[in-house]
Amino acid sequence: LPRAIDALRAEPGYERALAAVLGRDAKVPLGLVDEAEGRFWSGAEVPPAVADSLAAHLPECPNELAARLALVHVAPEDDGRALAPGEWLVTLGGVLRRWDGFVARGEGGAEAARLEAENRLAELEERLSPLRAAVTSAETQQKDAQAALSALQSEIVAAERTAAEATNAERAALRRVDQAEAARERHAARAT
């Protein structure tokens, strides 16, 4: 069966509160195996949620945990408010107080770190998609620019070849002009 921690996702900033509420039950499987020994989240009828319920900050929450989380108040700090039977209060920093006077501090650090890492990974994956699109666009532009550069280089080589041929033709023409002038001078000298 899937573990509770694997089926949950908290909004950024609420990871420590969720981990504190679940405590050691974060690794308990969801669902019930008949006749099996151990601890299981089997679910229950969900009571009306408190106004500032932690459940409101969980984009992913399995039905088996909905009853547990509906009566959990979440606040930046413990304001000492009175809690009705069955209600819990948890701070964003992970300090837990139950209606019966039970208080827990520093619980669920590993689970909170895991939830924070999952949120960070989700954030990075969201940012990665536009970056990949930008890379693809840049690669396409680079290929287009490379093709244009190759075409220009081919044109430059052809132009240099044409210029070299024209230079050679000019030299040959100048040689012929020199030869013709020399021949004219010889003819003029003979004629004289």
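## Basis of the description

Helix axes are lines fitted to C-alpha atoms over the stretch in contact, and the angle between two of them runs from 0 to 180 degrees between N-to-C directions. The structure described here is a predicted model. Two packed helices are described by the angle between their axes and the distance between the axes.

## The sheet

Four strands make up an open sheet with mixed pairing, arranged in the order S1-S2-S3-S4. Its edges are formed by strand S1 (72-75) and strand S4 (103-104), each of which pairs on one side only. S1 pairs with S2 in the parallel sense, over four bridges. Within this pairing, Trp 88 of S2 is the bridge partner of Val 72.

Strand S1 is covered on both faces. Val 72 and Val 74 point to one side, His 73 and Ala 75 to the other, and all of these residues are buried.

Just after H1 comes Gly 23, which takes a positive phi of about 55 degrees.

## Packing of H1 against H2

The axes of H1 and helix H2 (residues 63-70) come within 11 Å and cross at roughly 95 degrees. Angles of 65 to 115 degrees count as roughly perpendicular, so H1 is roughly perpendicular to H2. On the H1 side, the contact is made by Leu 18, Val 21 and Leu 22; on the H2 side, it is made by Leu 65, Arg 68 and Leu 69. By class, this contact comprises five nonpolar residues, no polar residues and one charged residue.

The buried residues in H2 are Leu 65, Ala 66, Ala 67, Leu 69 and Ala 70. Among the elements that cover them are H1 and S1.

## Packing of H1 against H3

The axes of H1 and helix H3 (residues 109-191) come within 8 Å, with a crossing angle of roughly 145 degrees. The crossing of H1 past H3 is right-handed. Helix H1 contributes Glu 15, Arg 16, Leu 18 and Ala 19 to the contact, while H3 contributes Glu 111, Ala 112, Leu 115, Glu 116 and Asn 119. By class, the contact of H1 with H3 has four nonpolar residues, one polar residue and four charged residues. Leu 18 of H1 takes part in the contact with H3 and also in the contact with H2.

Gln 141 and Glu 118 are 23 residues apart in sequence, and their C-alpha atoms are 34 Å apart in space.

Conventions:
Residues are numbered from 1 along each chain as its sequence is written. This is a predicted model: local features need pLDDT of at least 70, side-chain atom pairs count only at pLDDT 80 or more; totals for chains, interfaces and linings use all residues. Side-chain values use heavy atoms; hydrogens and water are left out. Two strands pair if DSSP finds at least two bridges between them. Helices (H or I, at least four residues) and strands (E, at least two) are DSSP runs, numbered from the N terminus. A crossing is left-handed if the near helix is turned anticlockwise from the far one by less than a right angle, and right-handed if clockwise. Contact means heavy atoms within 4.5 Å. Ala, Val, Leu, Ile, Met, Phe, Trp, Tyr, Cys and Pro count as nonpolar, Asp, Glu, Lys and Arg as charged, and the others, Gly among them, as polar. Angles under 35 degrees count as roughly parallel, over 145 as roughly antiparallel, 65 to 115 as roughly perpendicular and the rest as oblique. Buried means under 20% relative accessible area, exposed over 50%, partly exposed in between (1.4 Å probe, protein chains only).
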